[in-house]
Amino acid sequence: MQQNLNILVVDDFSTMRRIIKNLLHDLGYASVAEADDGNTALPLLKSGNFDFLITDWNMPRMPGLELLKQVRADARLASLPVLMLTAEAKREQIVEAVQAGVNGYVIKPFTGATLKEKIDKIMAARAAA
Amino acid sequence: MQLYAPWVAAMTQALATGDSEGFAAALAGFDSARHCELTMHVRRVASGLQAALERFRVDSRLIDLAQRQVPDARHRLAHVLQLTDDAAHRTMDLVEQCCPLAAKIAEQAEHLLNLQHAVASPAAASPTQLQGQFEAFLKQAGSSMAAMRSNLSEVLLAQGYQDLGGQIIRGVMALVDELELALADLVRIAGADSHDSVGVGAGVAGRSGADASSSSLTRGYGPAVPGIDHGLAVSGQADVDALLSDLGI
């Protein structure tokens with residue numbers, strides 16, 4: 001089923017961006033853009049019309065946590081749903097991400113089913129709010 | 001001793017000739033020489049102390065690198081090897097599952113084609129039989145293609161090892177850099193010691209372990225490696241979900 005969400009995928013590994021993009025296409029999300037770290041993602045987010053952000057954590061230059069903080073600090077982007085998709089597995093990091101305002105956290109390696117479940121959950125919470 | 005000889009000689013001569021002013025001047029010279037030697041001695045001790053402290057800092061870093069981080073790096077690289085091995089086998093398993101499905105469909109398609117070609121002959125199967133076989137083929141093709149689609153999707157996911165392995169390799173590369181800098185410091189200090197020079201320089205203190213660890217939370221630690229990263233790390237998505245639930249998400 002075609003889903004009308006403009007999604008930005010941010011990951012420094014091009015293979016992972018391709019994997020996520022392909023899975024999103026399988027889930028019906030046709031409009032998917034890519035960025036390789038927070039520095040390149042932020043201008044895209046500010047100039048584009050994105051409905052959803054999926055970001056890695058550990059990236060050169062601007063890591064995902066910093067990107068999340070910058071998104072929450074920007075009045076126009078503050079309510080953008082953000083899903084962290086990362087190999088970072090320390091409890092203190094997950095707590096830190098939640099405190100910074102993340103909407104969902106998926107740990108790598110992951111499955112297409114988990115990705116779908118988390119996106120659906122975040123969008124359902126949005127719709128109910 | 002050589003430093004004092006001219007002043008002692010001058011004092012002896014002044015004493016012998018009753019030259020009190022000359023004696024006082026020679027005594028002042030003797031005193032000055034003594035202070036000069038003391039200052040040089042203090043400077044040598046300070047220099048040695050500074051070199052020892054610098055060596056201790058480098059030694060501590062090398063000990064940490066050698067005892068903890070290098071063995072950890074070996075485990076991390078072994079984990080990368082395991083990741084690539086798992087991904088390669090998973091990919092090959094899935095391809096091996098796809099091959100018979102594709103072969104079966106090709107075989108059935110050829111069989112049906114032959115049946116259709118023969119339908120005009122007197123001994124041919126009836127159109128009803130042919131239709132039944134067509135239906136069975138289409139059902140089989142549908143389920144085989146769905147299985148192949150699912151396998152191909154998993155082949156795609158299996159390539160995630162490149163990201164996880166790449167992050168670990170980057171971490172090990174940073175460790176090699178650190179090791180190189182620490183060894184370079186050691187060589188520099190050894191050179192300074194052999195030349196008995198004063199001052200050891202700033203070194204690479206800006207890349208100390210303490211600085212690195214303080215920024216790790218923000219920058220990220222990289223993938224958890226079994227046997228090394230345990231205790232504080234979650235064990236999987238179910239663990240993450242439980243933690244998020246506790247945190248109200």
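**Contacts, core and fold**

Mentor: This is a predicted model. In it, Met84(A) touches Thr55(A), Trp57(A), Gly64(A), Ala97(A), Val102(A) and Tyr105(A), leaving aside residues up to four places away in sequence.

Trainee: Which element gives the most residues to the largest nonpolar core?

Mentor: That core has 49 residues, and Met84(A) is among the members that touch the most others, together with Leu8(A), Ile20(A) and Ile54(A). Five residues of the core come from the element that gives the most, H1(A).

Trainee: In what order do the helices and strands of chain A follow one another?

Mentor: Chain A holds five helices and five strands. Read from the N terminus, their order is β-α-β-α-β-α-β-α-β-α.

Trainee: Why is chain A described as being as compact as a globular protein of its length?

Mentor: For 129 residues the globule rule gives 14 Å. Chain A is as compact as a globular protein of that length because its radius of gyration is close to this value, at 13 Å.

Trainee: Which element gives the largest share of the side of chain A that touches chain B?

Mentor: The contact involves 31 residues of chain A and 28 residues of chain B. On chain A, the elements giving two or more residues are helices H1, H3, H4 and H5 and strand S5. By class, this side has 16 nonpolar, seven polar and eight charged residues. The largest share, seven residues, belongs to H4(A).

Definitions and conventions. Residues numbered from 1 in each chain as written. Chains lettered and ligands numbered in written order. Predicted model: local features only at pLDDT ≥ 70, side-chain atom pairs only at ≥ 80, totals over all residues. Contact = placed C-beta atoms within 7 Å. Helix = DSSP H or I, 4+ residues; strand = E, 2+ residues; numbered from the N terminus. Nonpolar A, V, L, I, M, F, W, Y, C, P; charged D, E, K, R; others polar. Core = buried A, V, L, I, M, F, W, Y, C linked by C-beta atoms within 7 Å. Buried ≥ 20, exposed ≤ 12 C-beta atoms within 10 Å, placed from the backbone. Rg over C-alpha atoms; globule rule 2.2 N^0.38 Å.
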